[in-house]
Amino acid sequence: MSDTAAPAMPARKKRGGGRPSALRLLLNNTLATTGLLVLVLIILIALAAPFLPLPDPDVTAPADRLLRPLADGHLLGTDALGRDILSRLIWGARVSLAVGISATLIAAFFGSLIGLVAGYAGGRVDALLMRGIDMVMAFPYILLALAIVAALGPGLLNALYAIAVVNIPFFARNIRGITIGLSRREFVDAARLSGKSNARILFGEVLPNVLPIIIITMSTTIGWMILETAGLSFLGLGAQPPQADLGSMLGDGRKILFTAPHVSIIPGLMIFVLVMSINLFGDGVRDVLDPRLKSGALTRPVARTAVERARVPERQPHKDNVLDVVDLNTQFHIGSSVYRAVGGVDLHLKQGECLGIVGESGSGKSVTAMSLMGLVPTPPGRITGGAAWLEGEDLFAVSDERIRQLRGADVSHVFQDPLSTLHPLFTVGDQLTEAIMAHRPIKRSDADKRAEELLRLVRITNPTERLKVYPHELSGGMRQRICIAMALANDAKIIIADEPTTALDVTVQAQILSLLDTLRRESNAAILFITHDFGVVSAVCDRVAVMYAGRIVETGRTQDVLENPAHPYTGKLIDCVPVLGQPERRLDAIEGRPPVVDNLPAGCAFADRCPRAQADCRAGEITLSPFGEDRAVRCLHPLERGAAHA
Amino acid sequence: MAAYIAKRLLAAIPVLFGLSIIVFLIMAMIPGDPATAILGSYATPENVARLNADLGLDKSLPQQYLIWLGNLLQGDLGRSYALNRPVLDEVLERFSATLILAGTALVLCSILGLLAGVISAVRQYGLADKLITVLVLIGISTPSFWLGLLLILAFAVKIRLFPASGMYAIYGGGDLPDLLHHLFLPALTLAVVATGVIARLTRTAMLEVLRQDYIRTARAKGLTERRVIYRHAFKAALVSVIPVIGIQAGFVLGGAVYIETVFQWPGIGSMLVNAISTRDLLLVQGGVLVVAATYVLFNLAADVVQTILDPRLR
Ligand code: SF4
């Protein structure tokens, strides 16, 4: 039943740091807090049972039998033997809790031990232990418990053992997984080298790091174990009279269900409240510890990026441009921080033109491109300003349905890694025809023909057979050709290519680039080409825009920029292009890292990494100023002509 | 595909073998003289002697196992002394009732769970999501045997909509509508917990899938959001939920023990409970073995379905 993917825990918890915030997070969760309060209350009452002014739970009073709740002196009424139900409920809860907790501890102890040993020892021991665990798990859970009770004979203690045994596998599996990871860590190696015995490493070094997982597994299984022991008692296989737990009370009451339903409903309600409070609390604990929830990896992105424009540019689009982008602003809102991914970008594309957007990762180049058709995930992304006109139509103002019509038709995309961007469970043919049929009302057989044509267009041989294969059966280059074919399916006016060659090896890269170039000339589509590689830019782009920290820092004709970069950053990027025969001139050669975009410095964002930086660079906003014909640069001390390759 | 199924079937054999060992060992654990324990009040000297000879109880444990396994392979699970009939006959008769109940519950929880999970993911943090999350939490915290009693009180006593117990009406029943009428409440009760678990995992799986690159691609192609979610995302999520449904088959088969007791359904679960009370141990052994083997087959089926959906597994 434990459906918890054990969250990755940091090795060795840091004292202090992180802990209080986790606790606060937990308390912020109303449901979890409610669960905790109810649970603590039940435990306190159960513990205090001997001191509470309760009638003896086992004293029978035939005269008072089957009193309804709220009867005089019996708040919850009496059962078939005239025993006070409230008193029996509290004493029964005590037994149920004790049994549930004991079963959890036993299962946790043996399960963790098996998991630790199997994960740490590995090899044969691991295989043998886990094979055994698999065998136990091959049984339907409750059935195995029944078989054990059958062999040992009915009784509360035997039920406890049975439930503990069937829960051992959950612990063993979770703990083994974590232990395997930990055994490969440096601190374990270090301990081994220092000559510590295996047992001391396992219990001294590994166990403390595994403990949180054990506790999480306990919190998710204890409710279940209380439920199951109650179930066995309900069937008459657990607690035997005169001993009573909640389950056996319910089982006894069942016989008089029709005449006195309260006798069975009340203990059942108690089990429910108890288990529910544990589950609420356990869920809260899991949510707090689950890194996927914290990182927002489990929020669903909506179909289109949210648009909340503070200002809409007054400037109107130029009629020669297929695409005109003015002052585009895109932000990420994560928790209380705001990341300015794109901070005022202007772009334009003419028919058949190829514009390269170049920058390091995190420069905002992809976000710029993905903003156009609303493909930046929301949450956390939102477009906060600017406009993008596609042939005069403001893409940020049109309806969702209009955006859908334009996507894949007028504007199509080719993404980076074709393995993850193609759906793994549909054939190439399915995915291609689907792209065609989304935009024109044609028959499947005609779409199939068109798909074949497209494959031929991207130089794929045997198109008929290829349509029937799945993406994972193709090579990386072949997959990217499929993606390109998909982008061409509806005679796009603009193709947005986001690092389309980065995931491919060098020879394939060259083929894909020349294919893209040929196709663009044949179809006269404009291309917005996103890349980090000036080498690629020089191969296909007419113009280039260099981005840094969410802004364009230089733009101009490819040739001009390549020969005479003006912005120091552009110069560095060009230096990164590997030159044949000079392997030492390699990428990642720019010292330092790009700034964090939720905390941009005043003035030039590149100043910290710039060799030419001077005091005035940090003083204030620097504009993108014209710099020769068709050229602009955002820098106070641009490079002189020919200085870049010095 | 056929080759794959054959391979999976072969791989199931050692598992079944392992099951038989565990079942055998559990029965060997019985304290005291096994023949006397098994026979209980039927432990006449002749019966004890016969059983000892039949089961080879005077031999070593491995030898006993081999004898037992040999009998098992010939379809001989021993004899129920309390019922005075072969264990296999009784088990198979009871088992068909359990299969109807558990099978219906499994279909029910798969459909409801997937539906709730998808709605919950699509409307994340919306009203429907919150409502489903709370219902799921209630569902997985509710003792099914108690829920069964509540439903009986509500729908069989207060509003007389469904019968409170049994599989067929005593007079004039026996046809399909009658069966469905009797089946509704127990199948629903049995499905509740599994529905919750499946809904939860479906929600998580959908949310994970909706973040994937290929979903962005589907949107970039201009597919309608409906198609993106119900075709592209759902199929991918289903692949990871199918094994969970397989595992839920185990919980449903096991949970049938309670539900059959509550609704007096003449299945193997209520048979087991009775057999444990009367210490009819060979009957327990046979029942457990058959249900466990069925569970293995359910998981096998889940594997096969998953492989059909996911070409990468082939
Ligand atoms: S403005 Fe100053 S710091 Fe920025 S790139 Fe130019 S020279 Fe360097």
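How many residues does helix 5 of chain A have, and how far does this helix reach from its first C-alpha to its last? The legends below take up this question and then turn to other sites.

The structure is a predicted model, in which local features need pLDDT of at least 70, side-chain atom pairs count only at pLDDT 80 or more, and totals for chains, interfaces and linings use all residues. Residues are numbered from 1 along each chain as its sequence is written, chains are lettered from A and ligands numbered from 1 in the order in which they are written, and side-chain values use heavy atoms, with hydrogens and water left out.

**View 1. Helix 5 of chain A (residues 141-152).** The helix has 12 residues and reaches 17 Å from first C-alpha to last, close to the 16 Å expected at 1.5 Å a residue; the expected span is 1.5 Å times one less than the number of residues. Helices (H or I, at least four residues) and strands (E, at least two) are DSSP runs, numbered from the N terminus. Because 11 of its 12 residues are buried, helix 5 of chain A is largely enclosed by the rest of the structure. Buried means under 20% relative accessible area, exposed over 50%, and partly exposed in between (1.4 Å probe, protein chains only). Among the buried residues are Tyr141(A), Leu144(A) and Ile148(A). Gly153(A), with a positive phi near 95°, follows the helix.

**View 2. Gln431(A) in helix 15 (residues 428-437) of chain A.** Gln431(A) is buried, at a relative accessible area of 3%. A polar atom of its side chain lies 3.0 Å from the backbone oxygen of Phe426(A). Leaving aside residues up to four places away in sequence, Gln431(A) touches residues including Pro471(A), Met486(A) and Lys221(B), where contact means heavy atoms within 4.5 Å.

**View 3. The contact between chain A and chain B.** Chain A contributes 80 residues and chain B 81 residues. The two chains bury about 7300 Å² between them, 72% of it on carbon and sulfur atoms. In chain A, Arg300(A), Leu425(A) and Glu434(A) lose the most area to chain B, together 10% of what that side buries. Buried area is the accessible area (1.4 Å probe) that two parts lose on being put together, summed over both.

**View 4. Pro86(B) in strand 2 (residues 85-86) of chain B.** Pro86(B) counts as partly exposed, at 30% relative accessibility. Not counting residues up to four places away in sequence, Pro86(B) touches Gly78(B) and Arg79(B).

Conventions:
Polar contact = N/O pair within 3.5 Å; in protein donor to acceptor, adjacent residues only side chain to side chain.
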